Amino acid sequence: MTAITAPALPLRQRLLRPNALWLAAPGIAFLAIFFLFPVLRLLSLSVQDPASGALSVATYARIANTDVYLQVLGITFKIAANTALFSILLGYPLAYWLAGLKDGLRERMVLLVMVPFWTSYLVKTFAWMVVLGRTGVINSMLTGSGLASQPLPLAYNEFGVMVGMVHAMVPLAVLTMLPVMIGIDRRLIQAAQALGAAPAQSFWLVYFKLSLPGVTAGGLLVFISSLGFFIVPALLGGRRETMLAQLIITQVQELLNWAFAGALAAMMLVAALVTVWIYDRLFGLSSLSGETSGQEGGTGRLRLLGLSILRVVAKASALLADVVRRVIGTRGTSKLLSIYCTLALMFLVLPTLLVIPIGFTSSQFLEFPPPGYSLQWFETYFSSPVWLSATLRSFGVAAATAICATVIGGLAALALARSNTRWGGLVFAAFLAPMIVPRIIIAVGLFYLFAQIGLIATDLGLVIGHTVLALPFAFVTITAILKNYDWRLDQAAAVLGANRVKTLFLVTVPLVKGGLVAAFLFAFITSFDELTIAIFVSGGIKTTLPKQMWDDMILQLNPTLAAVSVVVFVIVTVLLLLAERFRRTT
């Protein structure tokens, strides 16, 4: 019997017929207009003559012929590379320890990493200014105890920048490496040891090798994020630590040199894309999911070299472990990892917590410990029309942003979950793109676009810009929730007569509402803490709380900033705990 097959539909009809992937269309259109177009437009300005509009590479020639710009470029790459290196080195043992804990305990301990990760960069940087300053916590302890005759230069130099940036990026490295490490079966290490391998050799040649996708993904994200940093180097660094993002801000806000700002942004973006390409070629990292590309090609020799290095490191580690075991004993050696991880968590959490008592100080200056306690600085904050206006605007913009990001990201996540199409990977990458491109590039591109359409100093402009940045977090959160959703429940509703809209609102949404609330809260936190977009879009009138904090920190540090930091820290921590609770209950 000959099977009867339906004739193939023309390409146009196949694309236009109803498909779940169309749910991602609003998000794709939004990103195309407010992400892709502004970034490409900014980059195009770098190859245009400002006077005639003709193609020109004069801006790049100026950069190549000016030592100052080349030095800033080198400083940016150096600081970003060092931040990635130290973040991985410090974060790897912590991620390894967390991966070995039981699920319930791990979830509680991960919160100690999540809170510093979501805490505002401004609050964290302010905390380190208080800790590392000439009259800060460390110098006060050193001079007060007689260990130092004069304050040490711990801030406003490269050391201060590295401490602040590594503190900000270690949580990102840990949270990127952790899922890969959780997926590694530790019985493989036991099997290697049963075959005669020393503990150090089984770790380096088995576990560490399997964890490399997470290590490389963590290093990639930290490096790219560090390229666009400007808060930490601006507040904790000096002139020698000026980074590329600071030059871009100066070119736009002070000189209005769009062509030059576009050229600097293009160099930063190219650096990020080249870094992604190099990681993919060297480590086979084709995505941030921890999967390798499986390519052997020209990297075979590099892998052999890597294995040889690991063998050498394993032997050296085994010898060092024997020495340490003889000195402190087997019992002491077994506690070293726990002690290190305790210190690492203290490094992540304590600087911000030290700001809390300073917010209640009775002094007119930033002192630790406070000479007395008072609520005067909170009264100053709550009685200030400027601070209250900025706070209320941040809440309003964050709420609107969270709604937009959750709806758009939720539709896109549903589209990918309900459709099996070859375009799924491209759509997924499109929604993650704002997380990869440095924020300063997105902010400047939106500033140029909004200046042309009249959205500067408007709440709508802030909501649009913040939604671009918050969309990846909402999208990833809802996508993870839908992976565990039982779609047979939707089929059962359809059998009982419910159409797609009723099924969505009466079955799907109620069952995943915890994940939706978590996505909403993550997007809210992203907007509430956001500074980069606010610097360009908010204007002098429509300022947000982070922008007001930034302006005050640039002028002078005062206890009011400590009180504001306490308020921001408490708000973000409460929202994060709620988000994690809702995410786990789905």
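Me: What is the mean pLDDT of the protein?
Reply: This is a predicted model, in which local features need pLDDT of at least 70, side-chain atom pairs count only at pLDDT 80 or more, and totals for chains, interfaces and linings use all residues. Residues are numbered from 1 along each chain as its sequence is written, and side-chain values use heavy atoms, with hydrogens and water left out. pLDDT is the predictor's confidence in each residue, from 0 to 100. In this protein 90% of the residues reach 70 or more, and the mean is 82.

Me: How many contacts beyond four places in sequence does the model have for residues 285-298?
Reply: Contact means heavy atoms within 4.5 Å. Where pLDDT is low, the predicted coordinates should not be read in detail. Over residues 285-298 pLDDT stays under 50, and the number of such contacts is 28.

Me: At what angle do the axes of helix 6 and helix 7 cross?
Reply: Helices are DSSP runs (H or I, at least four residues), numbered from the N terminus. Axes are lines fitted to C-alpha atoms, for helices over the stretch in contact, with angles from 0 to 180 degrees between N-to-C directions. The axes of helix 6 (residues 121-132) and helix 7 (residues 137-145) come within 4 Å, and the crossing angle is roughly 15 degrees.

Me: How is helix 6 oriented relative to helix 7, roughly parallel or roughly antiparallel?
Reply: Angles under 35 degrees count as roughly parallel, over 145 as roughly antiparallel, 65 to 115 as roughly perpendicular and the rest as oblique. The axes cross at roughly 15 degrees, so helix 6 and helix 7 are roughly parallel.

Me: Which residues does Val437 touch, not counting those up to four places away in sequence?
Reply: Val437 lies in the loop between helix 18 (424-436) and helix 19 (439-453). Buried means under 20% relative accessible area, exposed over 50%, partly exposed in between (1.4 Å probe, protein chains only). At 13% relative accessibility, Val437 is buried. The residues touched by Val437 are Phe35, Leu269 and Ile442.

Me: Which residues of helix 25 are buried?
Reply: Helix 25 (residues 545-555) has eight of its eleven residues buried, so it is largely enclosed by the rest of the structure. The buried ones are Leu545, Pro546, Lys547, Gln548, Met549, Trp550, Asp552 and Met553.

Me: How many disulfides does a search of the whole structure find?
Reply: A disulfide is a pair of cysteine sulfur atoms within 2.5 Å. Cys341 is buried, at 0% relative accessible area, whereas Cys404 is partly exposed at 31%. The number of disulfides found in the whole structure is zero.

Technical notes. Helix = DSSP H or I, 4+ residues; strand = E, 2+ residues; numbered from the N terminus.
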